[in-house]
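Please open the structure in a viewer and keep the sequence panel beside it. The stops below are arranged as a series of selections.

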Amino acid sequence: MIKNKILRDWIEEINTLCQPKEIVIWHGNEEQYQTIADQEVSSGKAIRLNPELRPNSLLYRSDPSDVARVEKRTFISTKKEENAGPTNNWISSDELKPIMLDLYSGSMRGRTMYVIPFSMGPVGLEMSRLGVEITDSAYVALNMQIMTRTGDEVTELINNGQSFVKCLHSVGYPLQAGMEDPKWPCAPIEKKYISHFPEENMIWSYGSGYGGNALLGKKCLALRIASSMAQKEGWLAEHMLILKLTNPENEVKYITGAFPSACGKTNLAMINPSIDGWKAETIGDDIAWMHIKDDGKMYAINPEAGFFGVAPGTSKKSNPNAIAAVSKDTIFTNVALTDDGDVWWKDLSKEAPDHLIDWHGNDWYKGDESRPDHPNARFTSPLTNCPILAENYEEPVPISAILFGGRRPTTIPLVHQSFDFEHGIFLGSIMGSEITAATIDENIGKVRRDPFAMLPFIGYNISDYINHWQSMKEKTTEDLLPKIFYVNWFRKDEDGFLWPGFGDNIRVLKWILERTENKENYQTSPIGYLPSLDYFDLSNLDISQDKIDELLKVDKDVWLDEIKSIENYYHIYGDHLPRVLKKELSNLKKRFI
Ligand code: OXD
Ligand code: MN
């Protein structure tokens with residue numbers, strides 16, 4: 001029972017504003033999940049997959065206009081523009097609130113309003129944060145049940161006075177009497193708003209039912225709002241995987257890693273090591289909350305309870321553990337449906353089946369030009385489905401190394417270590433991926449920078465964000481802080497990728513972990529520490545010396561161009577380029593001259 005007055009008053013306020021036909025309080029149990037899932041199936045909104053092939057799993061097809069996060073409709077709304085900074089869309093909260101209140105007025109008519117108390121992070125853990133999402137989407141309720149810890153246990157904490165983030169969501173499609181409800185109701189793009197009010201720890205999302213726009217615990221709370229909370233409270237909310245590694249001597253270490261999208265972050269989070277004696281276990285694949293504890297070390301938790309992964313490209317070869325994770329208890333969105341009631345997406349098997357129902361619900365035949373799945377088709381699966389989930393996945397774990405990465409066909413070597421923590425912040429600030437022909441963009445060959453893989457997720461001013469990272473140094477000593485590395489699995493020559501990637505990335509991780517113990521396994525270069533080949537495990541790997549040399553090459557002329565490109569990119573900071581970045585860029589230049 002909800003007893004907390006703030007929550008009760010808020011539910012009443014939203015009930016009056018949005019005028020739903022009924023209110024359902026989410027209890028977070030299996031029975032309620034199944035009841036709502038059955039309702040979704042009988043109303044035709046979801047398809048139940050063949051229980052013999054894919055037990056307890058659903059397929060949803062979204063509206064073709066509502067298939068991904070909408071960054072241009074995502075807002076950081078503060079009193080002053082400088083608090084949102086140069087990388088966010090800003091509208092003053094005084095201006096935005098009346099616009100959105102107008103949209104919310106009656107927006108849930110004819111619909112059920114779900115009240116979903118949830119915890120990001122294990123229930124009751126000091127590092128965890130609570131939210132309540134009020135939504136008129138059953139799809140959101142079902143997904144939140146997988147992606148977060150929900151229901152009565154959380155209500156209990158709120159009843160006991162713990163604060164929570166108010167997360168309001170409406171698909172923006174009120175039903176008048178006699179109106180038919182579409183399978184995926186949503187509002188047109190110009191009426192979509194994914195709004196964050198970090199000064200009030202509040203999220204208002206309107207008009208989209210998809211993923212990060214609608215499951216407000218994930219990108220909205222656990223990254224944008226949490227990054228702003230973290231700045232005030234002295235911790236970090238980051239777009240990072242968390243991986244547990246055990247070496248042949250049975251020593252355990254933990255790493256986190258930030259990568260822009262399409263760089264294999266989920267694959268790395270579930271790596272199957274190719275060298276004997278090494279064990280990898282998953283803790284998280286998308287978000288890490290990191291705190292420096294009293295012992296001076298940085299600890300991380302995964303605030304999520306599930307995976308919301310991109311299906312296309314996921315295969316037995318690229319990620320067998322993800323394939324196992326989605327084998328049951330999964331919600332699929334915008335994948336194709338097979339004739340026997342199972343799912344299919346690009347690369348799931350080498351050959352597509354002869355016939356499928358595509359993500360629009362139409363017949364699709366092998367050889368058709370169109371794709372049967374959407375490139376951003378997703379799976380929502382519980383963490384506990386992952387066969388290599390670490391048994392201590394709910395504990396804060398001490399982080400030895402932080403990895404930054406990106407897709408860089410040239411310039412950046414396979415791996416290098418920063419000289420120190422501040423130089424590591426510089427590496428985070430310059431990360432990004434080269435724009436390739438696969439992206440429709442006139443800037444082919446240029447680098448799209450995505451600092452810390454957080455460009456769309458920093459809930460405040462990016463200059464303050466960089467300075468906040470630097471402030472971690474004041475909380476502890478350099479030797480206790482995680483060591484920072486830049487990895488690049490994607491360097492190419494004329495024959496294609498130089499590095500085999502996937503399970504062989506453990507070779508790089510092994511070198512990194514040895515570095516965290518200050519092993520003399522490195523050579524110094526102007527950009528940082530590179531592997532010394534005497535200490536880089538290439539056993540049983542068929543790769544030529546030429547390719548290895550190319551993978552580790554730091555070419556002066558190429559780097560002088562890179563420095564120019566960084567200088568140019570740093571103009572986004574205007575007059576507020578953080579001192580640490582200015583200093584590190586100048587030091588880098590000096591090391592080359
Ligand atoms: C995600 C993303 O969905 O980063 O995880 O866009
Ligand atoms: Mn992500």
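Predicted model: local features only at pLDDT ≥ 70, side-chain atom pairs only at ≥ 80, totals over all residues.

Residues are numbered from 1 along each chain as its sequence is written, chains are lettered from A and ligands numbered from 1 in the order in which they are written, and side-chain values use heavy atoms, with hydrogens and water left out.

**The manganese site**

Select ligand 2, the manganese ion, together with Lys 219 (NZ), His 239 (NE2) and Asp 286 (OD), which coordinate the ion at 2.1 to 2.2 Å. Donors here are N, O and S atoms within 2.8 Å of the metal (3.2 Å for Na, K and Ca); water is not among the atoms, so sites may look incomplete. Along the sequence, the donor residues follow the spacing K-x19-H-x46-D. Lys 219 belongs to helix α7, whereas Asp 286 sits in the loop between β15 (279–284) and β16 (288–292), so this pair ties together parts that are 67 residues apart in sequence. Helices (H or I, at least four residues) and strands (E, at least two) are DSSP runs, numbered from the N terminus. Lys 219 is buried, at a relative accessible area of 7%, and Asp 286 is buried as well, at 9%. Buried means under 20% relative accessible area, exposed over 50%, and partly exposed in between (1.4 Å probe, protein chains only).

Next, select β14 (residues 252–258). Of its 7 residues, 6 are buried, so the strand is largely enclosed by the rest of the structure. Leu 245 stands opposite Lys 253 of β14. The hairpin of β13 and β14 has 5 residues between the strands, and in this hairpin Asn 250 takes a positive phi near 70°. Thr 256 has Ile 402 in β25 as its bridge partner.

**A four-stranded sheet**

Move to the open sheet of 4 strands, ordered β21-β20-β22-β23 with antiparallel pairing. At its edges stand β21 (343–344) and β23 (363–365), each with a single partner strand, so one side of each has no neighbour in the sheet. Strand β20 (residues 336–338) is joined to β21 by 2 bridges; Ala 336 has Trp 344 in β21 as its bridge partner.

**The cavity**

How many cavities of 30 Å³ or more does the structure hold? There is 1. A cavity is a set of points, on a 1 Å grid over the protein atoms alone, where a 1.4 Å probe fits but cannot get out; lining residues have an atom within 4 Å of a point. Select the lining residues, among them Ser 227, Trp 235, Glu 238, Tyr 460 and His 468. The elements giving two or more residues to this lining are α7 (217–233), β12 (236–238) and α11 (462–475).

Note on methods: 1 Å grid on protein atoms, 1.4 Å probe; cavity = no way out; pocket = protein on both sides within 12 Å on 5 of 7 lines; lining within 4 Å. Points joined across faces, edges and corners; volume = space filled by probe spheres on them. Pairing = 2+ DSSP bridges.
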